[in-house]
Amino acid sequence: MISEFDKAAVSYDVDFTETKIGLLQRKSVYKNVEALLRKPTKKLNILEVNCGTGQDATFMAKQGHRVFATDISSQMISEATRKVANQKLDNLISLQQADMLELEGICSTSSFDLIFSNFGGLNCLSPSQITKMGSVFSQLLKPQGKLCLVVMPSFCVWECSYFLLKLKLKEAFRRTRKSVFANVSGELVETWYYSPNKFTSLIGNHFIKRKILPIGFFIPPSYLESFFRNKPKTLRTLHKLERIFSQFSWLSAWSDHYYIELNKK
C-alpha cells in the first residue's frame with residue numbers, strides 16, 4: 001500500500017485536491033469541522049491520520065491549532081512538507097511518516113483534543129483493523145476528545161447510476177463487495193466500504209456518536225470531474241442542493257462519503 005500512495009502523491013493535488021469537485025466536497029467537510037475549530041477558547045492539539053499532501057493540516061493550522069499530521073507514504077509527507085513550508089506554518093504543523101496501525105507506539109496517551117481523517121483514509125483498513133483503531137484512537141484522545149472522520153459508505157447513488165448507464169453492472173455495485181481495488185491517482189489500492197451503522201459498530205464501545213452527515217450526495221464523485229469541468233452552472237446547482245440537504249443524516253448511507261463525529265466516552 002505504501003508504494004501505491006507514493007506513486008499517487010505527486011499528482012494527487014491535481015487529480016483531486018484542486019479539482020472543482022474536490023474543492024466542493026472539501027468545502028462540505030470544512031463546514032462541519034469549522035464548528036469544532038472555532039468553538040474552543042484554547043487552541044487544540046490535533047492528530048491528523050492519512051494527511052496526504054497536507055491540505056487539511058494547513059487549513060486547521062490557519063485557525064491557530066497545532067497539528068501532528070501523519071501518513072503512511074513518505075512521498076505524501078514530502079509534498080505536505082513543501083506545502084507547509086510555502087505557507088509558513090512550520091511552527092504549528094509537525095509531519096511524520098507513520099502507519100496508522102502503529103500510532104500507539106509513536107504518540108503519547110491522552111495527547112490530543114481531536115483526531116481527524118479525511119476522504120476515506122480509514123477505508124484502507126479491514127473491519128478488524130477498524131476495531132483496533134477504535135481502541136488506539138480512544139487511548140490517544142484526551143477525556144471528552146473528539147474523533148472526526150470522513151468515510152466512504154457501501155453504496156453511492158452517483159456511482160451506481162453512472163456505471164449502470166454505462167452498462168457496467170459489476171462496477172455499479174462494487175462497494176457492496178467484501179473489498180475492491182480502488183483507483184487513487186492511477187494506482188490501485190485495496191479498499192473496504194462501510195455503511196454508517198457498520199462503521200459505528202466496528203469502531204467499538206469507546207465512543208458516543210454525535211452526528212453523521214452526507215458528503216457528496218448531490219456533488220458527484222471526483223472521477224466525474226472531466227464531465228462536469230465545463231458545466232459550472234450545473235455544479236453550482238448541485239452544491240446549492242448539497243448545502244440545503246447537508247443536515248439530512250439518512251442521506252449519508254447513499255453519498256460518496258459521510259462525515260462522522262464521535263465523542264470519547
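Which residues form one aromatic cluster? The cluster is made up of F217, F218, F245, F248, W250 and W254. The model is a predicted one, so to speak: local features need pLDDT of at least 70, side-chain atom pairs count only at pLDDT 80 or more, and totals for chains, interfaces and linings use all residues. Residue numbers start from 1 along each chain as its sequence is written, and side-chain values use heavy atoms, with hydrogens and water left out.

Now for the ring pairs. Rings of Phe, Tyr and Trp (its six-membered ring) pair if their centres lie within 6.5 Å, with planes under 30 degrees apart called stacked, over 60 edge-to-face and the rest tilted. By this rule the count comes to 14 aromatic pairs. One of them joins Y162 and F163, with 4.9 Å from centre to centre and 65° between the planes, which is edge-to-face. Y162 counts as partly exposed at 24% relative accessibility, while F163, at 9%, counts as buried (buried means under 20% relative accessible area, exposed over 50%, partly exposed in between, using a 1.4 Å probe and protein chains only). W250 and W254 also pair up: their ring centres are 5.8 Å apart and their planes sit at 85°, so this pair is edge-to-face too. W250 is exposed at 53%, and W254 is partly exposed at 39%.

K231 lies over the face of F227, 4.2 Å from the ring centre; the rule asks for NZ of Lys or CZ of Arg within 6 Å of the ring centre and within 35 degrees of the ring normal.
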